[in-house]
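Trainee: Please give me a close look at one part of this model, and then connect that part to the rest.

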Amino acid sequence: MPVLQQRGGVWVSMGEDPDLPERQPYPAEDPDFFVRRVPLAQEELDHYYYGMANRVLWPVSHYMMHNIELDPVYMEDYRDVNRRFAEAVVDEYQDDDLVWVQDYHLMLAPQYIRDEEPDATIGQFWHIPWPAMEVFRILPWSRELLKGMLGCDHIGLHVDEYVENFLESARVLLGAEVEGNVVHWQGREVRVASHPIGVEVERFETMSAAPDVKRKAEEIRDDIGTESLIVGIDRLDYTKGILTRLQAFERFLQDNPEYHGRVALFQIATPSRTEVESYQQIKREVDEAVGRINGAFASDNWVPVHYRYRTYTQRELCAFYRAADVALITPLRDGMNLVTQEFVVANERGVLLLSELTGAAYLLPEALHVNPYDLPRLAEKIKEALEMGVDERRERLDRLKERVKKLDVHVWAEGFLKAMMATRETAQARA
Ligand code: GDG
């Protein structure tokens, strides 16, 4: 949104509401850019979005093999919808436009666009992990999907480890020649690079310092009433490690009775992809774990786990970030994890306990890193975080703030667009 507001352009987006117009200036009164919708029927939404994107590509990219549902119908509609996105882009395309494709929902669109506009400058950013080649190749359509993406000139992923996985996939599965970070493909060069995404730092800084947010943070702490507060904020997704986090907290309470009554975990889980069975299942498991822990440990004046299954405004989330002594961020896999960065910007004295299986962990060495599958260690780390001295907290958080500032989302967007423009200049110089 901020990039389009600054530069203008057309946002080609999925249209779920058939009553909305196909093309619309945004905002209506004083437009910065246009929205072009690709309308999807319910069945297409089920197969393309809930099917191929969220039952196939999402779990495979997060190494959640048991959640993959391979149905050829999903792939058929994925092709059709990608083609329609490509048609809409080609329809909007003007010479010298940059085409920036976002994420795993549109792996085939780059090549479809290239077929119609061979000279277009096309880039794609991939927001989730790129798995090891040996995992990606499980997909019956792995080669077709890769070829689709190689219609790009520039492909961005969060960290070098994902870049290496992508390059290896292209080399082994397609037999493509890979030289440094360039894939030579059908007479073209495709550059693959890390572009770690950030948050809107200034916005979160300002929000966190606002009097209403400060007041709300104090209210949260007063309401909960414990000496220490641990906070977890996630979409309710099986990749986010909410269940293992609860199990580790349970173990921590079992091992450390002296903390009973003195610490609480506030877990916000935002409803997400509720049509998908694996999401319904993780919700049931989380509900059950919360009930079990509170049933076993709560007393008349202490609730160990406060659990909310709902969405909050960004200001409210910011108050939770501020209120926390410890942010407990334990995904089983995560491309980056922006909650981490938002906490670092908004908080002033807390400890970041972060899964080493996130993109963020590669970039934030001063966090307390933990393997979320290692429950006993995770339980110990919770104690370590709670007991960390004021000086060490301050020192780590200051370093983390410096790092997160450099990752700002505007820096990310500028960096990606610059890389695409450099590609275009090289191509023009050659022609
Ligand atoms: C994907 C990748 C990568 C959450 N609940 C509410 C709410 N949120 C906001 C958070 C944060 C965002 O949603 C979640 O971002 P994450 O990065 O943590 O996770 P994904 O949604 O899985 O995002 C991830 C990201 O793309 C970017 O490339 O980092 O790895 O999986 O900003 O604050 N926002 C509001 N109410 C909520 O209840 N307003």
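Mentor: Proline 27 sits in the loop that runs between strand 2 (23-26) and strand 3 (33-39); helices (H or I, at least four residues) and strands (E, at least two) are DSSP runs counted from the N terminus. This is a predicted model, in which local features need pLDDT of at least 70 and side-chain atom pairs pLDDT 80 or more, while totals for chains, interfaces and linings use all residues. Numbering starts from 1 along each chain as its sequence is written, and side-chain values use heavy atoms, without hydrogens or water.

The bond that leads from tyrosine 26 into proline 27 is cis, with omega near -15 degrees. Most peptide bonds are trans, and most residues other than glycine have a negative phi.

Two other loops have a residue with positive phi. Aspartate 96, with phi near 75 degrees, is placed between helix 3 (72-92) and strand 4 (98-102). Glutamine 186, with phi near 50 degrees, is placed between strand 8 (182-185) and strand 9 (188-194), and is exposed at 59%.

Now the charged pairs. Arg23, Arg36, Asp91 and Glu92 are linked in a network of salt bridges, a salt bridge being a side-chain nitrogen of Lys or Arg within 4 Å of a carboxyl oxygen of Asp or Glu. The whole structure holds 34 salt bridges. One of them joins glutamate 69 to arginine 55 at 3.4 Å, N to O. Glutamate 69 is in the loop between helix 2 (42-61) and helix 3 while arginine 55 is in helix 2, so this pair ties together parts 14 residues apart in sequence. Arginine 55 is buried at 13%, whereas glutamate 69 is partly exposed at 34%. Another salt bridge joins arginine 315 to aspartate 212 at 2.9 Å, N to O. Because arginine 315 lies in helix 12 (residues 314-323) and aspartate 212 in helix 9 (residues 211-224), this pair ties together parts 103 residues apart in sequence. Arginine 315 is partly exposed at 37%, and aspartate 212 is partly exposed at 34%.

Ten of its 14 residues are buried, so helix 10 is largely enclosed by the rest of the structure. Among the buried residues are Leu246, Phe249 and Phe252. Their cover includes strand 10 (228-235), strand 11 (263-270) and helix 11 (277-297), where contact means heavy atoms within 4.5 Å.

Cysteine 152 is buried at 0% relative accessibility, and cysteine 318 is buried at 0%. The structure has zero disulfides, a disulfide being a pair of cysteine sulfur atoms within 2.5 Å.

Technical notes:
Buried means under 20% relative accessible area, exposed over 50%, partly exposed in between (1.4 Å probe, protein chains only).
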